[in-house]
Amino acid sequence: MNHAIRIHQTGGPEVMCWEEVAVPAPAAGEATVRHHAVGLNFIDTYHRTGLYPLPLPAGIGLEGAGVVEAVGAGVSAVKVGDRVAYAGGPVGAYAEARNIPAHRLLKLPDAIGFNTAAAMMLQGLTAAYLLRRTYRVQPGDAVLIHAAAGGVGLIACQWAKALGATVIGTVGSTAKVELAKAHGCDHVINYSSENFAQRVREITGGEGVPVVYDGVGKDTFIGSLDSLRPLGMMVAYGNASGPVPPLDLLLLSQKGSLFVTRPTIMNYTAQRADLEALGNELFDVVAAGRVRIEVNQTYRLADAAQAHRDLEARKTTGSTILLP
């Protein structure tokens with residue numbers, strides 16, 4: 001019998017249960033994937049706590065890598081035996097095996113293993129749409145990337161540097177400064193002890209940056225606006241410190257006719273062609289060695305609750321995977 005992590009109520013890590021869950025034959029358009037590794041992401045905690053509500057009971061997890069065991073009628077994107085990975089849903093990746101819409105699966109290049117794939121798909125595709133679509137980073141741009149030592153941050157900082165940007169990263173502790181520097185940051189700011197908006201102005205000669213990539217949320221939002229140059233773009237893609245309070249739009253005009261967007265990976269990968277294009281860009285930079293994917297923590301899938309505790313306590317860096 002297949003096992004999976006399920007939640008029957010929202011709350012802390014203790015609400016996650018390791019249960020037997022049947023995996024029926026895949027329906028039309030679906031494929032059955034036997035996971036070799038599953039990714040851990042902060043959005044998983046939002047589903048667990050109810051910040052992003054799910055119909056209960058529910059599985060959680062948005063990212064995995066494994067082998068296709070069966071396909072339903074009408075599936076042509078993948079075949080039995082293919083090595084695949086996916087990110088962005090539907091939820092339910094915290095499982096030994098599952099059925100998933102086949103159009104969400106990407107075939108893995110031979111050069112990329114399962115652990116690497118599970119560690120990079122959601123974070124890497126997020127970095128891909130942020131840097132290549134939401135605001136397309138150009139050589140010579142100065143960019144501010146919050147949580148530079150986090151999963152998305154380590155990938156985005158390396159990728160932005162490879163694109164020719166000057167990368168300014170923020171971290172929450174002195175222990176993470178060197179890690180961020182080793183992954184593409186030209187300047188690292190510890191926002192727990194420094195005024196990061198002031199430092200950004202100093203680094204950019206008073207101009208500010210054209211874009212801020214902010215996955216932290218409430219604690220950094222206003223400072224992020226203050227870091228932008230006129231007509232700059234605030235990309236608020238996460239809420240690690242809590243949701244951003246309601247915004248008075250007049251503030252955007254007062255600070256330089258700024259743009260604000262709240263993107264999601266599902267919108268940027270809703271079309272199969274967009275998913276494949278972003279996936280190919282990600283696979284290319286990883287296979288070429290321009291972006292290194294480092295799995296810094298590994299847990300048993302059955303121990304996902306402890307992984308959530310460590311993630312929320314900011315004890316993790318880079319990517320974390322769960323092994324069935």
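The lining of the largest pocket divides into 23 nonpolar, 22 polar and three charged residues (Ala, Val, Leu, Ile, Met, Phe, Trp, Tyr, Cys and Pro count as nonpolar, Asp, Glu, Lys and Arg as charged, and the others, Gly among them, as polar). The model is predicted: local features need pLDDT of at least 70, side-chain atom pairs count only at pLDDT 80 or more, and totals for chains, interfaces and linings use all residues. Residues are numbered from 1 along each chain as its sequence is written, and side-chain values use heavy atoms, with hydrogens and water left out.

The largest pocket has a volume of about 940 Å³. A pocket is an open set of points on a 1 Å grid over the protein atoms alone, where a 1.4 Å probe fits, with protein on both sides within 12 Å along at least five of seven lines; lining residues have an atom within 4 Å of a point. Grid points are joined across faces, edges and corners, and the volume is the space filled by probe spheres set on the points. Of the 48 lining residues, Phe-42, Ile-43, Val-152, Gly-215 and Tyr-237 are the closest to the centre of this pocket. H1, H2, H3, strand S10 (166-171), helix H8 (265-268) and strand S16 (319-323) each supply at least two lining residues. Helices (H or I, at least four residues) and strands (E, at least two) are DSSP runs, numbered from the N terminus.

The second largest pocket holds about 210 Å³ of space. Its lining has 16 residues, and Val-21, Gly-92, Ala-95, Ala-97 and Arg-98 lie nearest its centre. Strands S1 (3-7) and S7 (97-101) each give two or more residues to this lining. By class, the lining comprises 10 nonpolar, four polar and two charged residues.

Helices H2 (residues 114-134) and H3 (residues 151-162) cross at roughly 45 degrees, and their axes come within 9 Å. Axes are lines fitted to C-alpha atoms, for helices over the stretch in contact, and angles run from 0 to 180 degrees between N-to-C directions. H2 and H3 are therefore oblique to each other (under 35 degrees is roughly parallel, over 145 roughly antiparallel, 65 to 115 roughly perpendicular and the rest oblique). Contact (heavy atoms within 4.5 Å) involves residues including Met-120 and Leu-131 of H2 and Ile-155 and Trp-159 of H3. This contact has 10 nonpolar, four polar and one charged residues.

Helix H1 (residues 42-49) packs against helix H10 (residues 304-312) at about 110 degrees, with the axes 10 Å apart. H1 and H10 are therefore roughly perpendicular to each other.
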